[in-house]
Every structure is written in structure tokens, then in C-alpha cells.
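Hi,

Here is the structure I promised to pass on. Have a look at it first, and then read my notes below.

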Amino acid sequence: MEFFHALVDPDNGFLRLALAVGLFSSITFGIIGTYVVTRRISYLAGAVSHSVLGGIGGALWLQQVFRFTWLDPVYGALFAALLAAFIVGRFGHGSGRREETMIGATWAIGMALGIIFIDLTPGYFDITSYLFGDILLVSGRDLKLIAVLNLVTILFVVSCYHQLLAICFDEEFARLRGLRVDVYYQLLLALTAVAVVLLIRIVGIVMVIAMLTLPAAAAALYTRRLFSMMLLAVFLSALAIVGGLAVSYSAGLSSGPVIILFAGALYFALAGWKKIRYRHP
Amino acid sequence: MNQDVSVIKITDLDFAYQDIPVLQNVNLEIRQGELSSIVGPNGGGKTTLLKLILGLLEPNRGQIEVFGVKPEKARQKIGYMPQHAHLDPLFPVSVLNVVLMGQLGRQNRHLWGGYSRQALQTARQALAEVGLSDMAKNSFQQLSGGQRQRVLIARALCTEPQLLLLDEPTANIDQRSEENLYETLVRLNRRMTILLVSHDLGFVSQVVKSVICVNRQVNIHPTSAIDGTLIKEIYGGDFKLVRHDHRCAKNGHHPHLPSV
């Protein structure tokens, strides 16, 4: 309740902004998450999000050492995410047996590079907000960027719905029908990468993967079409973000982890409920 | 259909996964209007042969021509039904939407990636062909294994193929569905060439005109030649498949098969 009073307080513009960013990003979480879950690329998305730290570290280092003041860490993050998405998409996928190793390596090397760059950079940087997110630090620019991302995501999905459906369902058959499977796949991964970069503001590098999988996986338990799975996943993301934000504000806890706990609780509750409902007598 | 036209032509083909040889010195010709089956033990190279015909794998030696061109270029004329076991059984999609995937890659779609009325009609016809018209709106998750297999046959038909390739169409289906499938294949064979992979010799001997035995090497026999010696040759002395087969009992429907 306290949270809702705080929302209408004219002094609390940051809280309304945080809520708006949270609600906006649930659109991307739900839609991209649906593909991450049905295409089973959560491990890939994890590698992409963790390697973002390398980009952030690299950008901070270049900023300080070479005076590239224009180089905001978000550009470094974007570069690292797209590069990682390309690497794992190109080499970490297919019939090879070592794909998991490739993904895991990208994951760890990205993080290691990030820490090394931050060590090399003079001055002290607190990377906690990158690692675990802080929705209360978002700016109006973040809101605009996430709005643009939502628009791009929705356009991509609406125009390629059936192609993406076929590729997620049976890649081999889609290829045989002459679809350029690799192009769609790389586009999907690139979009996932951009989404990860913008969404780490909310839940951080370490936990963004949970928001890309838990709401969609919970939605999958109760839906029978990809489209309805997306809608339910968007709704569940929004629920987790609003609930998490309210509790973290009232209890004075970090917002990222509380949002994740909400999403996790939703997932386990819905999975458990389904198990009880449909248990064989 | 013209029996003199060659649909698949394989010459001197070798294939190996890394350094494990799977197929050696394969020569094979399938003519238009044939209904043939590839049989052989697990790991004998049956599915590999299908994938080579589809151009999903490249031979190490030799040539494959499908409709007179390289397999990749002939894909639009091939309808392929994979084994459904490699698909996610919980994938949220309707039966009709699975079948419609057969129409992807054609130019008759709307601007926003939706399907045209014509595509929908083709998909419904394909579903009718496998006897699942009333299941179009059902979810793929809710179907039994045999129904899923039929949906994938419908998807292959929805590509409007001249050559139908079926990988283990009798896996997971009961006797009644098997009879339906048999009738469906015979009916479809009037307008398209059919090549199926099966380990089910009983089914095969009832349906097809010739069998292609794949166990590293490829031999072709008329169905009437399936006898004990041949089975021994194919399976290396393993008679289990025949002994368990209901069709072979007491000289029932198949006097040319050995009674066991």
C-alpha cells in the first residue's frame, strides 16, 4: 500500500519512471523470453548477458585511459553483447558436440575480461548495479530506448511470426522449405543481445537470464499457442516487476533480486498448481 | 506417371561421419511412381541415406541427383516427414499451424507473413488426407504419438510434393492406424513417388513393391524375395523383427514370408 501512496507523491518521479520502465520492459521480456524458452537457448542468452561485463569494462577503461569521453559503457555493453551473440550463434550451435563448451567459454571469458579491464582502469568503480541491476537508477533515456526496442521486437515478431514458429518448432524442416534459418536465428540472437543490454538496468547481468526464462516458462505451462504464451509471459513479467518493485521499495531491499524472487515464486507456484490440478488420481 | 523417369539417382556414393563409414559404394535409382522402402538395422544408415537425398548431408564420394539436379535444388519438390521424436512434445502450436509450415517458402503469402487463403486450403486438404480434419484446431501437445506422426505426414503433403520421403512412419502407431496409413500411402502413390524408411518388415512387405536394404551397403530386392536368408543377410541373423510380427503368423496374409 505504502508503495502506491509513494507512487502518487509528486516528489517520487523516479519511482514512476522505474515503474514505467519495468512495465515497458516486460513486453520484451515476455516476447523474447518465449523464443528463448521454446528455442531452448537460455544457456546462449546467459552467455550473451554475462559477456556484457567485458564490454562495460572495456568501455570504462577506454574512457579513463584514452579519454574517450563519448564512450558510454552502454555502447561497450552493446558491442560485447552483439559480438557474443554472433560467436555463440555461429559456432555454439548445430550438430557439434562441443557447442556447450563454446557457450560456457564465451560466458566466462566475457566476465573475466570485464573484471580485468576494471582492474586496469584508474579509480574505483562499483559494478554492483551492473551485476544485479537497480531499477531506481533508470533515466528517461532508458525509457525511450526500451520503447524503441519494444517497437522493433513487435515489428520483427509480427512480420516473421510463422517463420520463427517453424524455426523454433523444427529447424531442419524450415531449412528444407528454403527459409534462411541462419539469418533468422542470428537476428533473433541479436535482438536478444540488445534486449539483454537494455534490460540489465533492471535486474542486472547475472539475473537477466531469469527474467528471460521464468515468466515464459511459467506461461508455457498454461498455454497452447505461441502467441498466447507471449501474452501471458508479458503479463507475468509485469506482475513480477511491479510486485518486486513494491516490496523492495517498502522493505528497503535491492530491487533486482526481489523482482527475480517474485518471478521465481510465480514460476514454482504455477508449476506446482499445474502438478496438483492435473495429477492422475 | 512415367516409370522411365528417374526421380532419385545415386551413383558410387560413400558417406562417413568423421572417420566412421556409414554408407559404402551405394548405387540406387528410384523411378517415378515407385513406392519403395529402405529397411535395415538401427545404425545401418537408413536415415543418413534420407538426409543425403534431402541434401542435408554431403557425400564424401559419388553423386546424388534428385529430379535430375542436386538435392538442394530439388527440395521444393520433396515432402519430408521426420521422426517426431526429435520435436519438443510440449511446443505450443496448433495442428493446423504445424501443417501450414509446409507452405512456407512459397510466394503465396500476405505481406505480414500470414498465410493466403489458398495456403489454408492446401493445409486443410492435407489434414483430410491423413484423416485428421476435425483436429485442425487442437494443440499438437494433446495428440498421441500416432496422431503426431500423421500431422507430420500432412505437413509433408502440404508442401505439394512430387516425392514423399517418410522416416519411420509406423513408429508409435497401433494396428488400426497402420492399416489407415497403408491405405493412405497406396492412394497417394497414384500421384507421387514415395520412399519410406522402416524397420518394420511386416508393414513394408505389405505396402511396397521393392525394398532397399541398407546396412552400410545397399541392395535392392523385390518384396517377394524377403525370405529367411535375405533377412539374415540384412540383419545379421537377427530374426526377432519377423518373429514378433503379427502379419507373418501361420502363413496368414503373406504366404511368401516364412512361417515361424
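On confidence: this is a predicted model, and chain A comes out with a mean pLDDT of 88, with 96% of its residues at 70 or more. Among the elements of chain A, the lowest mean pLDDT, 77, belongs to helix α1 (residues 2–8), while helix α10 (residues 226–251) has the highest, at 94.

Next, a helix pair in chain A. Helix α3 (residues 42–65) and helix α5 (residues 99–120) have axes that come within 7 Å and cross at roughly 20°. Angles under 35 degrees count as roughly parallel, so α3(A) is roughly parallel to α5(A). The crossing of α3(A) past α5(A) is left-handed. As for what sits in that contact, the residues split into 14 nonpolar, 10 polar and one charged.

Then there's the second largest pocket, which holds about 390 Å³ of space. It is lined by 17 residues, and those closest to its centre come from chains A and B: A:Ala220, A:Leu221, B:Asp88, B:Leu90 and B:Phe91. From chain A, α2 (13–38), α9 (181–220) and α11 (255–277) each give at least two residues to the lining. By class, that lining has 10 nonpolar, three polar and four charged residues.

Over to you!

Cheers

Methods:
Residues are numbered from 1 along each chain as its sequence is written. Chains are lettered from A and ligands numbered from 1 in the order in which they are written. This is a predicted model: local features need pLDDT of at least 70, side-chain atom pairs count only at pLDDT 80 or more; totals for chains, interfaces and linings use all residues. Side-chain values use heavy atoms; hydrogens and water are left out. Axes are lines fitted to C-alpha atoms, for helices over the stretch in contact, and angles run from 0 to 180 degrees between N-to-C directions. Helices (H or I, at least four residues) and strands (E, at least two) are DSSP runs, numbered from the N terminus. Angles under 35 degrees count as roughly parallel, over 145 as roughly antiparallel, 65 to 115 as roughly perpendicular and the rest as oblique. A crossing is left-handed if the near helix is turned anticlockwise from the far one by less than a right angle, and right-handed if clockwise. Ala, Val, Leu, Ile, Met, Phe, Trp, Tyr, Cys and Pro count as nonpolar, Asp, Glu, Lys and Arg as charged, and the others, Gly among them, as polar. On a 1 Å grid over the protein atoms alone, a cavity is a set of points where a 1.4 Å probe fits but cannot get out, and a pocket is an open set with protein on both sides within 12 Å along at least five of seven lines; lining residues have an atom within 4 Å of a point. Grid points are joined across faces, edges and corners, and a volume is the space filled by probe spheres set on the points. pLDDT is the predictor's confidence in each residue, from 0 to 100.
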